[in-house]
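Reader: Hi, I'd like to talk through a structure with you, beginning with a single residue and then moving on to how the chains meet. Could you put it up for us?

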Amino acid sequence: MSNTNSSCSQPTKFNLVQVKGAWTRQSEPCQLTEGRLSDANIYENKSDHGVSWTVVSPIVFTYRVIQCKNILDPSNDTLLWGHIGDEEVKGTLSNSKPVKRFVVIDETVNQLYGSRLRQYFEAREVAHKILPLPTTEENKCMELVTKILEEVHEFGIDRRSEPIVAVGGGVCLDVVGLAASLYRRRTPYVRVPTTVLAYVDASVGAKTGVNFAGGKNKLGSYVPPVATFLDRSFFQTLPSRQISNGMAEMLKMALMKHRGLFELLEAGGRKLLRAKLQSCETSNSSKQEDNATALMRIAIETMLEELAPNLWEDDLDRLVDFGHLISPELEMRVLPALLHGEAVNIDMSFMVYVALQKGLLTADEKDRIIQCMLGLELPVWHPDFTLALVQKSLKERLRHSAGSLRMPLPTGLGSAEIFHDTIEDNIFCQAFQKWTDELSSSGNK
Amino acid sequence: MGKFCQNDEDSKENKTEFSLVRVKGTWKCKLGKTITKDTADCVSAAKIYESITDKGTSWTVVSPIILTYKVTETWGLLDPGNDTLLLGHITNVQQLEDIKKSKKPIKRFIVVDQEVYKIYGPKLTEYLEANNVLHKILALPTTEENKSMEMALKILYEVNNFSLDRRTEPIIAIGGGVCLDIVGLAASLYRRRTPYIRVPTTLLSYIDASIGAKTGVNFANCKNKLGAYIPPAAAFLDLSFIQTVPRRHISNGLAEMLKMALMKHRGLFELLEEHGYMLLDTKFQADTSVYAHSNLKPASQATRIAIMTMLEELAPNLWEDDLNRLVDFGHLISPALEMQVLPSLLHGEAVNIDMSYMVYVSQESGLLTEDEKQRIISCMLGLELPVWHEACTIELIEKSLQDRLKHSGGLVRMPLPEGLGQADIFNNTSHEILHRAYKKWCDELNACSDSSCSIVY
């Protein structure tokens, strides 16, 4: 709009109606004729400089997050049809033409589950291509995406009805998600997280991405999968360190918004870690079964609550950013020494001291939180997490967050607030000092 | 994907609906649809549906994202006094005032097509300097052959080094369709979404590439195989750029205008039939020239109708959920043709050849009279567009339609004109008709492969 004329007439609002295959605009006061009405609108504004149109078009993203058991059991429909839902539709589809799937699987996961995956497809007579790839943080780049795209293109998939399947940890899901969003401008895909971290975090949001020019997740998209299938049994083959890694993100949600979840982790964290978050099958340990199930469910719910209303991060105030203001810098700097969740935990640990310094937490609450972290066998301190790193990260944060710090800080156990004003340097210095004094000896557990 | 799923699920599974309310910075699920606004500062348009079975819990997230963008006609975009290029994308009046009052210098990263830069570079630089804009101009050879992910990444390296604010410093793209597509894709990838602005400098991009959501690059020798559906913050349309466009490229753009006319606007068809040649001759500058009659303004009239008819078709289907698209007319066979003879046919030229053949199919199908068919072909020739090409063989046509079937969920979804200025989408055009039309098309038009003939029927 040429601004000197911004005070001119009100724009005309047009509805859009489809009649016999062609869309036509109709100005609001007019009687709507027979036809399909769109959710989109066009506003037209005339001025001396010419006409200006504003298009307003809502795009509705719908995706399913489904907990299941034994996803690789050939009698389980979920992997192939879980994204569709309705029993009837499933029936129709599985009866007509031959089913085809392209699967990208992390190399390591392939060694453990590749043959069962192949058996699943063979038993169900699904034409398939399984592409194992080394989906590590260091490889998380556009070249890997291109490789996937070349293979997908060669294999050939239907534009709508043959979703690409990603099986692996966060890196795998992110990379495949990006490849799928780019192919034909949008190809449906399905996520099967095999790590705890991916289960509670990477798999339930819309974000996809790769690293670029030394920056974490600098390129990507906000296109969610059609479905995410959550099967805890994959955790049985995870090293303990990876399970702790994922629990850091659960702890994040607990500290931000769920006291009950915190208490669960505090009381039962160690035990759940030992059990690799499996529910016990025996009847006399019902409490543990409840705990693991409850833990996973609450972790997902709290995350979905925060992501669904802000899928494209229009609102830069995000509780889920807790633990993510400083950790990106730290993680990239010491790559591959720290796993993502470990870096996040170190960030959170420091921020807990900042909250203490600001009087938002009591010393007792701080102690409980740190004890909980140690109980989950997470690192609470790191020598590369210097004051200089903190200052650099916060400067970056300011740059990327439209001029305000937007720092989430816990204000008790299971509640938080986002702080917009700049926090005085001395608060950070004092918090840092105390944090180092108290925790540098515990270091990495 | 998209809207369809919802209704199927509700009937079979036991689902609980949750709304999402924000209380003091934290989002919470609240049962049901009715929300009291006392304690909540915000109710989201998103919803979560939950169902619990013996296998565990299932959630369905339904989250609407509102995509908004402006398409603005302007004149003298590069006149230092015109602030459209820098501020025209801002809709919020308060925000605009704040920026104008602020001492903070404006910063912009601009990608310009190399050829366009040769002509408008100095004027652009002068504009930016006069407005005290901290800027970086990246001039690139944005041709169809270079339309690749490599070029998008090259732009991204430079953008990343320049350092832009996440929200308030849109990337600007100045050039033809290829330039706008590549920059649009790069912008959509950066930080997962960076605002960008399109300034089309060719007629084709003016009425087509610049006003929709599509971005993209070629891949594996296929046109636009990778991309995104992220619209720009705004597209600024200045007809004066067309002055320096070669004649052939103006015809190129006229093809897409003709497409919209044939699909849905008889008036536009008649405008092109009557004034097309003049518009071509005057390079769309007719409105201010001696050709302009009192209120006629044929150049802006034609472009406005072309834009409006296109926006009508794009807005309700921005992400192509519906694969039935009238705007696909001329685009079923032309992609393969274009890639095959690259770079000898421009996009619009290939589109026109496709449309020309499809007009014969329409006539054979009884949707067009012989007279209407001739009028259309004559119009095309009047616009100096090719109506036939030897590389457009029956094999290429058959392969393209087979690919179409593959990419369009099993139906060919062929838009065909029904009379002048109307159309419908067809799925059952027979082999015989396609072959008969092809034979007739070749017989009648193969002497016209360079569009410089008149047909004798």
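Reader: Which residues does A:A292 touch, leaving out those up to four places away in sequence?

Author: In this predicted model, A:A292 touches A:R232, A:L272, A:L277, A:Q278 and A:S279, once residues up to four places away in sequence are set aside.

Reader: And where is A:A292 found, and why does A:A292 count as buried?

Author: A:A292 is found in helix α9 of chain A, which covers residues 286–307, and A:A292 counts as buried because its relative accessibility is 0%, where the cut-off for buried is under 20%.

Reader: How far apart are the C-alpha atoms of A:A292 and A:G169?

Author: Those C-alpha atoms are separated by 20 Å, while A:A292 and A:G169 lie 123 residues apart along the chain.

Reader: Changing topic, how many residues does each chain bring to the contact, and what area do they bury?

Author: Chain A brings 92 residues and chain B brings 100 residues, and between them the two chains bury about 9200 Å², with 56% of that on carbon and sulfur atoms.

Reader: How many salt bridges are there between chain A and chain B?

Author: The count is 7 salt bridges, including one between A:R159 and B:E320, whose closest N and O atoms are 3.2 Å apart.

Reader: Which element gives the most to chain A's side?

Author: Strand β4 of chain A, residues 50–67, gives the most to the side that touches chain B, with 18 residues. This strand pairs with strand β4 of chain B, residues 56–73, in the antiparallel sense over 15 bridges, and B:T72 in β4(B) is the bridge partner of A:S52.

Conventions:
Residues are numbered from 1 along each chain as its sequence is written. Chains are lettered from A and ligands numbered from 1 in the order in which they are written. This is a predicted model: local features need pLDDT of at least 70, side-chain atom pairs count only at pLDDT 80 or more; totals for chains, interfaces and linings use all residues. Side-chain values use heavy atoms; hydrogens and water are left out. Contact means heavy atoms within 4.5 Å. Buried area is the accessible area (1.4 Å probe) that two parts lose on being put together, summed over both. A salt bridge is a side-chain nitrogen of Lys or Arg within 4 Å of a carboxyl oxygen of Asp or Glu. Helices (H or I, at least four residues) and strands (E, at least two) are DSSP runs, numbered from the N terminus. Two strands pair if DSSP finds at least two bridges between them. Buried means under 20% relative accessible area, exposed over 50%, partly exposed in between (1.4 Å probe, protein chains only).
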